[in-house]
Amino acid sequence: MLSEDYEKMMLIYLSGLVDGAGFRKIEDLNRLGSRELLQLSQKVDDSALGLFVQLLKSSESGERLFEKLMGDHEEENRTLVDAFFTRYLKVVLSSVQEGENFNPLEVYLPTHTFDDLAFLQSRQGFFLRQTIDTINEYLNGAFPGKHHFGPGEQQAAWEYFWGKIMEK
Amino acid sequence: MNGNMGVEGAMSDEPGKPSPKTAPAEEGETGTETLAKPALNWKVVLFNDEEHTYDYVVEMLTSACKLSRENAFRCAVEVDMTGRTIVFYGTRSDCEGVCSKILAYGPDHRLPQSMASMNAETQSL
């Protein structure tokens, strides 16, 4: 939910993007048709797009507004819908993922969490989803020696990892 | 509906909903004997919470429901905005399989406070 201050700020911002009567409260957005809502979203700056969706989410008509963002499933709105979701996807999804030396286990299972057994255990599924190369590289950094688990040996690697944690 | 219904290209405009063209193969017809088609009148509903990120939902749905990244993202937006979204349609057994995958996917490693999978339910249409 948006705070009251952010809500007011966004409504003022959005009012400045349309001709005629602006928006005094969230529910005023309901008077926009699907196409108008999508066209309004196009005018919203990337940096405010997340807040724009949060604002729609705060509305009591969230379900209806989502339908409008989907273009009310009208073919003529498809381009606008695709443009909105493509842009929002870029804004919202993490861009942290890649990079040559990115190892997700090093980022999300850092050594300083090794004392928190409940946390580590909750990450077992995540550990098992990694490639064996990622796991070996992670184990090499976390514990002394080189690790050579083979393809498909994620479970064995997890058991080794857990054993090491319990030794500490 | 088989487990591949969510594969890219097999979707209608609505995320998670198969297009009418994706009717299942008629496996039951052999000679004069005709078996009933599997009933595709079940769905998997995903529920919103505050312990999972958009990244998680997209990753999980592309894996568990074989949705394209774009459709998975639309489902993520819907579940965030409305509290729930339908992510799969199919037979009861297929839906239960998908639902189990969602429930077993595990917590969101991006959020330290996330300790469990998202909640989902198999429902009849």
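Two residues are in contact if their C-beta atoms, placed from the backbone, lie within 7 Å. This is a predicted model: local features need pLDDT of at least 70, side-chain atom pairs count only at pLDDT 80 or more, and totals for chains, interfaces and linings use all residues. Residues are numbered from 1 along each chain as its sequence is written, and chains are lettered from A in the order in which they are written.

**Exercise 1. Describe the side of chain A that touches chain B.**

Solution.
- Step 1. Count the residues. Chain A gives 19 residues to the contact, and chain B gives 19 residues.
- Step 2. Find the elements. Helices are DSSP runs of H or I with at least four residues, strands are E runs of at least two, and both are numbered from the N terminus. Helices 3 (46–58), 4 (62–69), 5 (78–92), 7 (117–122) and 8 (124–128) of chain A each give two or more residues.
- Step 3. Pick the top contributor. Helix 4 of chain A has the largest share, four residues.
- Step 4. Sort by class. This side has eleven nonpolar, five polar and three charged residues. Here Ala, Val, Leu, Ile, Met, Phe, Trp, Tyr, Cys and Pro count as nonpolar, Asp, Glu, Lys and Arg as charged, and the others, Gly among them, as polar.

**Exercise 2. Work out how helix 9 and helix 10 of chain A pack.**

Solution.
- Step 1. Take the angle. Helix 9 (residues 132–142) and helix 10 (residues 154–167) of chain A pack at about 15°, with axes 10 Å apart. Axes are lines fitted to C-alpha atoms, for helices over the stretch in contact, and angles run from 0 to 180 degrees between N-to-C directions.
- Step 2. Classify it. Angles under 35 degrees count as roughly parallel, so helix 9 and helix 10 of chain A are roughly parallel to each other.
- Step 3. Name the residues. Helix 9 of chain A uses I132(A), I135(A) and L139(A), while helix 10 of chain A uses Q154(A), A157(A) and F161(A).
- Step 4. Sort them. Five are nonpolar, one is polar and none is charged.

**Exercise 3. Trace the fold of chain B.**

Solution.
- Step 1. Count the elements. Chain B has three helices and five strands.
- Step 2. Read along the sequence. The pattern is β-β-β-α-α-β-α-β.
- Step 3. Check the contacts. Among contacts in chain B between residues at least 6 apart in sequence, 64% join residues at least 24 apart.

Terms used:
Parallel < 35°, antiparallel > 145°, perpendicular 65-115°, else oblique.
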